[in-house]
Amino acid sequence: MSPLNDDKDSITSSFYLTKQTSFRIAMKQRIGVYICHCGGNISDYVDVEQLSKLIANEDNVVISKDVMFACSDSTQKDMVQDINDQKLDAIVVASCTPKLHTHTFRNVAIRAGLNPYNYTQVNVREQCSWAHSDKPMDATIKAYGLIRAGINRVKYSEALENIEITAQKAVGVIGAGISGMRAAVDLARMGNHVYLIEKEANVGGRVAESGKLFMTGENGKDVIDRLYKRIKEIPEITVFTNANLDKVSGSIGDFTLEVSVKDEALKLNVGAVLVTTGFDFYQPKEGEYGYKLSDNVITLQQFNKLIETSNDKLVYNGNAIKSVAYIYCVGSRQSKGENKYCSRQCCSAAIHSSLNVHEKFSGVKAFHLYRDIRTYGKQELLYTESSRKGDIYIKYEEKEPPAVEVKNNKTVITVKDYLTYKKELSFDVDLVVLVTGMVPRSDSNDISSKLKIPTGSDRFFNEIHPKLKPVETVIKGVYIGGTCQGPKNITESVQSSLAAASKINTILRKGTLELEPIVARVNAETCLWCEKCAAVCEYDAIKPIESNGKMIAQVNTSTCVGCGICGPVCPSNSIEIVQFTDNEIESMIDGFMEKAEINTKQDSQENEISSGKQIKLNGFPKIWREIASALDDKTLTIPQLSEQLGVESNVLTWHLMTMNRYGVVEPAGLDEDEAYYMYKLKK
Amino acid sequence: MPENISNKYDAVVIGGGIAGQETALNLADMDYKVLLVEKELSIGGKMIQLSKVFPTLDCAACITTPKMSETARHPNITLMLNTDVIETVKTNGHFDITLNIRPRYVDEALCTGCQQCEWVCPKVVEDSYNSNMVGRKAISIPFSLANPKIAAIDMEQCLHCKKCEKVCVPKAIDYNMQPKRVNVEATSVIVSTGFNLFKPKNKPQYGYGKYPNVIDAMQMDRLIAPTRPYNSLLRPGDGKVPDNIAYILCTGSRDSSIENAMGCSAECSNNPICSQICCMYSIKQAQLLMGALPLADITIYYMDIRAFGKGYEEFYQQAKSMGVNFIKGKVAKVTPKEDNSGNLILRYEDVATGKLKEVKHDLVVLSVGVLPNSGIVKTFTNQKLELDDQRFIKQVDELVSPSLTSIEGVFVAGTAAGPKDIPDSILSAGSAASEAASYIKRFSN
Amino acid sequence: METQEFKPRILVFSTDKISDPGIDQAGLRKIHYSPSVYTISIPCSSGIKPRWILHAFEQGFDGVFIAADGTECSYSSKCSEHTNSIIVEAQKIMKERNINTKRIRMAAICSVCAEPFVNHISTFSKILQDLGSIKNEIAEHKAPSLS
């Protein structure tokens, strides 16, 4: 049931249209607008130079500039200077998506002493120049509307101060596999208390179950034992095993984790959460490459146990194993299936197992049925070694996978080998090993819904951005590390969880932290405390309070996430999210519809350039002067110039392009075959 | 460099590429004092040269420039550019580091980066930022996105005509600038010196350096980048718009035949390992080329496609569906077509048919591999900073503590420890920061 | 001016974390859609006020498209339900003002849903083309203005 549908009789539609009036702010009067070329990404399609001239005439706009890279340090410095010199009270940057540079330009504002929230980002790249690169004129018109909307919005922008909250110098690490254990050690060493929460009876996860590990040859159990010994020596780490995460509440700096350990219910207060819950191995379906139909088809994990527990001879089900076929990409790279991704570490893992077999037992033949061998980096050495040991590699394609059948008590493999012109091979082996990939844990949905971590199309937990925010999730204070984020080997898992530890320490180190002030606020005059807002808030952020003799709603700014869900349900329009007020949104709509007087003449740019300075070539390389005189009143291609001047065409290209760079020559369109540009002198 | 800078740091980060910046920022955000030493004139490393980056196709500049600005202006980070490490000595648990700041012959405090000097300078030199595909001036800003954006004179090439001095309004030119020695003390050292690209001349059968339309992948990335050297995407041999482009993967990777071919050892030795990034950057370039030159044919000659990271396999499949041609086969030789067209003939063994084939292309891109750049180890004089068999910085506890090196207090980040793509370099940098911070904290308590 | 083919103007409400990046993807991959589509990104589609929708119609937008997060919403598992109620509420007012209720539409757009977004927009554009310009409806029925 939606609250909007409740009390149909008591609320009429007109309530929803009430104009919010109480938050009056002074409109911004001195606005600076910066329109970015993005090195052509925008200016190739949108006429940014014309737009910046048009925008310069807008009311309240003091400065309007087009810049090559708004994000470059020099432009940032210019902005700071403009803000100071021109006493700007707000800025608009029209460049790429706000996901990339909001922080960059907020910092520009801060450096110039302007409140960072008196800045608006306008996306004229992803949602304009690129989206409409087929229609440059329309893109220019749209960009005008977008920028106008940005200006309108920034006029209503308010100076906001970050919310400072106390941060618990404690971290909840969910999952005590190698990633979680390792991060716990560093988090504690950096001065935080750590609660390491493990579902199973023992720590160590998948690594503890493993035998010999690539690339170091260490034993998995030994690695975990050593690490666990270290953890037990650190008093700041509390380990809970057999522990279940029941509920998560609160927000960055102050989360409450409700954890049950056997019969005991605990409440842990932490400032941040690191999720290192790991992965499951893909379980082959019955009949997939003969799995479960033949006793001689097992997974790589089962095979590794077998290698570890066999002595002298490799024996399975009482039979000596003399030949093994490894089938790769089982449950990975399924172009039509659920797991489109590559599981990254299985090629190396399988080859490493094969090498372990050779080291421990003699006379075992190995066939590797693969699609691409992905022993990236130094792991390539494993592949080289396995080839050197005589392992046979057979390449199959997804559309023609190997068939595994039991014939006359033999396990027979039939496969087309793409390394020998798709020749069909048929041979029997003693054991088939399915090299299975990694999949998200079966309980990952439970974790993601408790912590509100989004998942990607591969169903693993998703970071915000693989390069900018690789361990951060959309939930402030919740970080991810290791394989819960996607397939990784051990080193990579540890690196990612330690990277998360680093980021967590940067926010918790002081014991206080600052949060963005984008939260809800209540108009005390009009609020009637009907409880509708509190009923829809999932973050428990709204409580009643007495004010001037009546009850009104009050927002807890550290738990409020600024989703705005409370806004539309308020019958008196008394609650709103700052930065998303009626004034701001509605003035944006007005801005979109503003009529643009765009000059549609394509040659308008050409005329501008003619004022450029002409270069004197005295003392410059001789070839420059020769090229310049050959191009006097003519347009020529590089091969034509090359022939005329008797200079090799690559040397000529180099010099001509340098002259182009320094404004001596410029291109004058393509020749008839559209193979070569013609060049002319730049007057 | 201001005279009054402190000479005591919690951490000295050597190398200002993406990994060095990320490590420095993490430590600085924890309120540690960091000195970032860079041998070039600008921070940014290899990443700032790139066009866009896989698998999201974000432009590299959009991700790097904000990080560069943040690094350059962080109150806890001091930048030292154009600087070499001379010696690092560990004494009483800390490091004494001697640095040499080479002169740039332009006063950093005065230069505004206006480039007037560059315009009037008559001496044209090779532009290494653009992989030498175009010229720049003997005095110039390092590149348009450089940070700091300050000019420098290439004194070996300078004609001493003093034209630059005449046009420089703030009087920033100083021909008599001298190198400067600086001694600093640090609690910890982070080595983030990155990697070198394989020099394709060391595979002479591919004709790099001989045939101008054989280029390496970094040159192609420059050609595609918005800050590209040419007015459009053209081949360097004669400025033709290419329409049939070949990629030769594993050039200088997974290859033990290099040493024999050239009879040299140090710089061009064998590289038996996989470089981890070439498949993906080639697929990325292919996708970008399909966008820039919709009519062009693009063929990738490969051994195995290693699309292993998050979203990479999907990115590879997307390239296939866009029409990029993938051929499993090892290219034996590249020769020029004998008609003066500048086109090239590739001879390769096609694995699918087993036949030896010859195909014409008008531009050949060599997807060169990753080699170590670990000369820094020589500067550690009283303790040995060990290398692994491939001459990358040795990770002494690779599985559990990937940033630890053979010297306590020295950590490794990014590709200095081995080939890595950008996301992995950034994670490795975060992990090095975590280790270093833990170490500094223990040390300072 | 209006002699050309009628190109409906569409206001899209997207969400900062999911659907707006999805729309960005369309641009990133140069999958084109109508340039008379304008987007306002907000934290969550559950926060769209009906009055904003009405304001868009009054200002001349022919349609409003809500690019919701559906089940991926990071704020609320009941996001679709909430957003749907907002649409129902807006449609009530639209009816009162003789604005065709087909002029508002919602779909879940994920952060990589470039193609689905473009397809939704093209379908919606066709519907709006059949309905014709909003100006006809607003002109017919003089509603009290919002203030």
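The secondary structure of chain C comprises five helices and four strands; helices (H or I, at least four residues) and strands (E, at least two) are DSSP runs, numbered from the N terminus. Read from the N terminus, the order of elements in chain C is β-α-β-α-β-α-β-α-α. The model is a predicted one, in which local features need pLDDT of at least 70 and side-chain atom pairs count only at pLDDT 80 or more, while totals for chains, interfaces and linings use all residues. Residues are numbered from 1 along each chain as its sequence is written, and chains are lettered from A and ligands numbered from 1 in the order in which they are written.

Of the 147 residues in chain C, 58% are buried. Here a residue is buried if 20 or more other C-beta atoms lie within 10 Å of its own, exposed if 12 or fewer, and partly exposed in between, with C-beta atoms placed from the backbone.

The buried residues of H4(C) are Ala114(C), Phe117(C), Val118(C), His120(C), Ile121(C), Phe124(C), Ser125(C) and Leu128(C). Because they cover an arc of only 160° around the axis, they lie on the same side of H4(C); the arc is that of the directions from the helix axis to the C-beta atoms. The face turned away from this buried side carries exposed Ser122(C), Thr123(C), Lys126(C) and Asp130(C). Covering the buried residues of H4(C) are elements of chain C including strand S1 (10-15), H1, S2, strand S3 (63-68) and strand S4 (104-108). Just after H4(C), Gly132(C) has a positive phi of about 85°.

Chain C also meets chain A, in a contact that takes 45 residues from chain C and 47 residues from chain A; two residues are in contact if their C-beta atoms, placed from the backbone, lie within 7 Å. On the side of chain C that touches chain A, H3(C) supplies the largest share, eight residues. The residues of that side divide into 22 nonpolar, 13 polar and 10 charged, where Ala, Val, Leu, Ile, Met, Phe, Trp, Tyr, Cys and Pro count as nonpolar, Asp, Glu, Lys and Arg as charged, and the others, Gly among them, as polar.
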